[in-house]
Amino acid sequence: SEARLKILLSHLNTGNTSFSGLSFGVPCRQASAPQQERNDYVIIPRNPMFTPRITSREQYSRMYMDSIQDPSTFWGRLAQDFYWRKGWNTSQPLCKYNFDVQRGPIFVEWFRGGYTNICYNALDRHVLAGKGEQPALLWEGNDAGQDMRLTYQDLLSYTCQISNFLLARNVAKGDRVCIYMPMIPELPCAMLACARIGAIHSVVFAGFSAEALAGRILDCHPKVVITCSAFKRGNKLIDLKTIVDASLQLCLDRENFSIDTCLVYHNHRASLREDTSWKGGRDLWWQDVIPGMAKEAPLEWMEAEDPLFMLYTSGSTGKPKGVVHTVGGYMVFSAVTFKYVFDHQPGDIFWCTADCGWITGHTYVTYGPLLNCATCVIYEGIPVWPDAGRYWQIVDKFKVTTFHTAPTAIRTLEASGDKFVKKHSRKSLRLLGSVGEPINSKAWWWYHDIVGEKRCPIVDTWWQTETGATMISPLPWGWPLKPGSATLPFFGVQLAVVDQNGNEKHGACEGFLCIKGPWPGIARTLYLNHDRYEQSYFKTFSGYYTTGDGCKRDNDGYYWITGRIDDVINVSGHRISTGEVESVLNAQDTCAESAVVAIPHEVKGQGIYAFAVLVQGATPSEELKRSYLLSVRKEIGAFAAPEVIHWTPGLPKTRSGKVMRRILRKIACGEENDLGDLSSLADSAVVDDILKSKPSQ
Ligand code: WTA
């Protein structure tokens with residue numbers, strides 16, 4: 001029975017995720033990691049009102065085999081659901097690629113020779129099919145009572161007006177447009193408007209600082225920046241335009257780079273026009289220019305491999321990587337995964353709580369749902385405003401059928417108590433999703449029992465910015481779930497678990513999660529940095545795309561993601577590299593050097609623990625700590641601020657001067673008794689010094 005399963009589960013969850021034998025060192029136990037593989041299945045009874053797309057593992061396996069054995073036929077058939085101005089070359093394979101650096105440059109191409117437009121497929125196609133009056137976006141503002149409803153026709157007209165504006169400002173195919181906006185309908189519209197005319201959008205999450213925004217602007221040199229005067233998140237007011245101004249000033253000071261046009265949406269819910277900082281000539285009010293534009297706009301027919309967008313994400317080291325996705329493959333893969341993973345049915349109301357500043361907001365707020373002519377909810381605010389029942393109030397208000405969120409939100413709401421959930425009916429819900437980090441079993445069961453009242457399957461979807469869309473996920477009602485496992489690969493996804501020597505393992509095993517062949521949604525390059533693309537994903541294990549995640553595969557072939565095994569930390573689903581935070585700390589006058597590691601965090605999944613060595617003469621103080629934290633917030637964003645700053649006299653280093661993070665992770669996680677082999681340290685006395693200086697938490 002379920003109660004028994006839970007007891008069993010709590011016994012099993014003593015938490016051994018040790019990754020013996022992996023060369024990147026032993027990650028510390030994560031609060032959010034699936035702590036133990038179990039063989040307990042959860043089977044959700046079928047809803048008699050719907051016939052799911054996939055009804056058995058056998059049916060899935062047949063389709064999966066087709067997708068691997070004959071990808072041209074499989075994906076070619078699915079791609080026919082879209083409008084192609086000109087069909088792809090049929091005289092050659094649908095996909096050409098090289099994943100092996102020894103054989104030459106890495107490349108992937110899908111649908112070569114085909115011409116299409118993703119905005120046309122997401123909007124015009126549905127309007128032409130008579131769906132213009134169907135709601136496309138149901139928007140809910142930060143404060144209750146603020147909402148908006150846009151049909152497919154509204155969305156098309158609005159998008160065209162923005163496209164026309166961009167064209168009037170000389171934005172052409174291949175030009176970059178930077179979008180830095182809160183979750184208002186104008187954000188996806190601006191993305192679609194770029195896609196329509198072939199401009200490459202680069203959306204920057206509105207939680208990033210002026211400094212982080214400047215770095216992204218200087219990397220891709222956009223022609224236009226689209227932003228918003230200000231917005232509210234919970235009871236906080238964020239003066240976005242001031243941040244943009246500071247950022248554009250930094251661009252000017254640093255590289256003498258300036259933009260001609262900054263389009264500013266006036267958010268009357270949060271600010272007055274006259275209070276907004278302004279630079280005449282460069283800045284234009286959205287409301288002054290967009291409504292006057294024609295509601296029909298020309299389209300740029302794009303070759304399948306033309307770039308669609310870029311999105312910055314954190315890598316192991318150095319500055320953020322501008323991940324580039326192309327039109328054809330991304331369109332097909334985002335749409336098909338949406339359709340199957342969320343078992344999309346006519347009449348569904350889909351709500352993904354992600355922000356468009358992250359890949360999930362690109363694929364499952366904007367492109368995937370709209371390509372499927374879905375109706376989606378967009379919410380501007382946070383889960384706990386004005387109270388922890390807000391999500392469920394919105395679910396009831398819009399009769400949401402499919403709800404997709406991140407484990408960090410689930411844990412936050414779980415901590416607030418069941419009463420906030422139970423106050424609302426949630427009877428419209430039929431499917432739940434989780435994305436962004438491993439979901440721990442406690443949160444999984446709460447989501448399943450309390451939110452979904454045991455009647456909704458949970459699709460735990462594993463993927464990355466670089467993969468474009470979901471790669472591992474249950475297909476609802478297709479096969480039994482196991483809490484904490486993303487289960488099986490999506491069609492066309494060939495997973496491999498490899499050991500530290502790059503040898504593929506078979507059967508039940510654990511190791512590095514890699515991908516063997518190309519899938520349509522794979523990122524094609526890093527913006528103007530193909531070397532780094534090859535280096536980051538294809539050089540670790542020859543012939544494979546390396547994900548950077550560790551995983552286990554159980555006897556049923558189910559995959560269990562155990563988290564990053566590189567220097568990427570996942571805080572509330574936000575990817576942050578240790579190097580990014582260290583470079584901010586190292587830039588402080590008083591800081592000699594620093595090292596940053598992940599610690600388990602109840603709500604965020606992982607938190608950041610920073611070790612800092614002060615220069616001679618500097619002394620640790622609360623004030624210094626505050627200024628360090630402030631600098632991280634300022635340079636990166638509030639979400640990257642460390643939980644702990646540990647002032648230490650030194651860092652553990654090998655004789656060649658490499659910091660031994662393994663030891664620091666153990667110390668940060670309170671596992672001092674299990675530091676392992678210290679013989680390669682240049683000076684093992686430093687370990688005692690670090691332990692002695694550990695702050696009480
Ligand atoms: C982690 C977000 C476990 C993983 C879509 C990956 C997950 C990184 C899951 C990518 C999941 C994402 N279970 N871990 N269901 N989903 N991750 O690029 O470590 O922001 O490599 O893409 O998040 O984060 P990104």
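Predicted model: local features only at pLDDT ≥ 70, side-chain atom pairs only at ≥ 80, totals over all residues.

**A bent helix, H4**
- Helix H4 runs through residues 118–131 and has 14 residues.
- Its end C-alpha atoms are only 17 Å apart, short of the 20 Å that a straight helix would reach.
- Look at Asp124 to find a bend in H4 of about 35°.

**What covers H4**
- H4 is mostly covered, with 10 of its 14 residues buried.
- Among the buried residues are Ile118, Tyr120, Leu123 and Val127, and Asp124, where H4 bends, is also buried.
- The partners that the buried residues of H4 pack against include strand S3 (115–116), helix H5 (152–168) and helix H10 (327–341).

**Helix H3**
- In helix H3 (residues 71–79), the buried residues are Phe74, Trp75, Gly76, Leu78 and Ala79.
- Their cover includes helix H2 (57–69), strand S2 (107–110) and H10.

**Around the ligand**
- There are 17 residues around the ligand, and Asp460, Thr461, Thr465, Asp549 and Arg575 come nearest.
- H11, strand S20 (458–461) and strand S26 (559–564) each supply at least two residues of this shell.
- A backbone N or O atom of Gly436 lies 3.1 Å from a ligand nitrogen atom.
- In the side chain of Arg564, an N or O atom is 2.8 Å from an oxygen atom of the ligand.
- On its own the ligand has 530 Å² of accessible area, and the protein covers 97% of that.

Key: Residues numbered from 1 in each chain as written. Heavy atoms only, no water. Helix = DSSP H or I, 4+ residues; strand = E, 2+ residues; numbered from the N terminus. Expected span 1.5 Å × (residues − 1). Bend = angle between axes of the 7 residues up to and from the residue. Buried < 20%, exposed > 50% of the residue type's maximum accessible area, 1.4 Å probe, protein only. Contact = heavy atoms within 4.5 Å. Near = heavy atom within 4 Å. Polar contact = N/O pair within 3.5 Å; in protein donor to acceptor, adjacent residues only side chain to side chain. Areas by Shrake-Rupley, 256 points an atom, 1.4 Å probe, with all protein chains shown as cover.
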